[in-house]
Amino acid sequence: VMPIGISFYTFQKMSYVIDVYRNDCKAQHSFTAFGTYVSLFPQLIAGPIVKYRDVAEQMETRNTSVDKFSDGVCVFIVGLCKKVLLANSIGILWDTLYNSGNLSVLGAWLAVSAFTFQIYFDFSGYCDLAAGCARLLGLRLPINFDSPYRSLSVTEFWKRWHMTLTAFLRENVYFPLGGSRKGRGRTYLNILVVYLVSGIWHGAGWTFILWGLLHGLAQVLERLWGKRRDALPRWVRW
C-alpha cells in the first residue's frame, strides 16, 4: 500500500532539512531545483541515498561533455550486465532451489550462495545503472558498494555494503544518540538502536526487525571480542 521508493525519497527530504539546519549547505529557494533533487529518477526507487549537500552544488553548476557521457554509458552497461546477466540468472537458480522443498546439505549451501550473489548483483547493478544515468545528465552520485564480500567482519561489511545508508544512519541516528562518547554500555545500545532502525527501514515485518537486531548484535559481539579477533586467520574472519 506504500508508494514505490518511499523509503529513499523520505530519507532524501530528511537530508535536505537536516543539512540546511546544520548549516552544511544553503537553503534551496528554487522549487524546481528542490523537486529535481527529491524526484531524481535514476536513483528514486532503489538508491543510493543521496544527501542534499552532496549534490547541491552540482544542481547549480551541472555540465555535460562527451567524456562524461561516454563514462556514464560504460557505468550503465556494467550495471545492466550485473542485473540482467548475473542477478536474474542466479535468481532463477535461487528460486528453483528455494521452491524444491527438499534440499540436501550441499543443495542448501548452493541455495544460500545463490541468494547471496543474486541480491548483491541485483542491488549493486541497479546502483551502477543509477550512477550511469546520472552521469549522462552531468551528475555524480556517491558510491554505494565497495566489494562487500571481501569484508573480514560484520562491521567492515557495513562499511562496504549500502554505504550511503550506513553513512546516513551513522550521521543522523548514531551520532545524535551519543555515538561512542557516553561509555561502552551506551555505545552498544546505540549500535542496536541504529540497526533496529535499519531493519524497520528495510521492511515492515518482524523478520526485518530481527534481521536488523542480529546485525547490531553481531557488531556488539565483535567490539566485545576486540583485537583478539585479529589473531584469527583471515579466511576464518572472512
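Tutor: Start with the whole protein. Of its 238 residues, 42% are buried, where buried means under 20% relative accessible area, exposed over 50%, and partly exposed in between (1.4 Å probe, protein chains only). This is a predicted model, so local features need pLDDT of at least 70 and side-chain atom pairs count only at pLDDT 80 or more, while totals for chains, interfaces and linings use all residues. Residues are numbered from 1 along each chain as its sequence is written, and side-chain values use heavy atoms, with hydrogens and water left out.

How confident is the predictor? The pLDDT score gives its confidence in each residue, from 0 to 100. The mean pLDDT of the protein is 90, and 100% of its residues reach 70 or more.

The secondary structure comes to ten helices and zero strands. Helices (H or I, at least four residues) and strands (E, at least two) are DSSP runs, numbered from the N terminus. The C-alpha trace spans about 55 × 50 × 40 Å along its principal axes.

Now the pair. Two packed helices are described by the angle between their axes and the distance between the axes. Take helix α8 (residues 184–202) and helix α9 (residues 206–225). Their axes come within 7 Å and cross at roughly 155°. Axes here are lines fitted to C-alpha atoms, for helices over the stretch in contact, and angles run from 0 to 180 degrees between N-to-C directions. Angles under 35 degrees count as roughly parallel, over 145 as roughly antiparallel, 65 to 115 as roughly perpendicular and the rest as oblique. Therefore α8 and α9 are roughly antiparallel to each other.

The crossing of α8 past α9 is right-handed. A crossing is right-handed if the near helix is turned clockwise from the far one by less than a right angle, and left-handed if anticlockwise.

Look at who touches whom. Contact means heavy atoms within 4.5 Å. From α8, the contact residues include Y188, I191, L192 and Y195. From α9, they include F208, W211, L213 and R223. The residues of this contact divide into 13 nonpolar, eight polar and one charged. Ala, Val, Leu, Ile, Met, Phe, Trp, Tyr, Cys and Pro count as nonpolar, Asp, Glu, Lys and Arg as charged, and the others, Gly among them, as polar.

Note on methods
pLDDT = per-residue confidence, 0-100.
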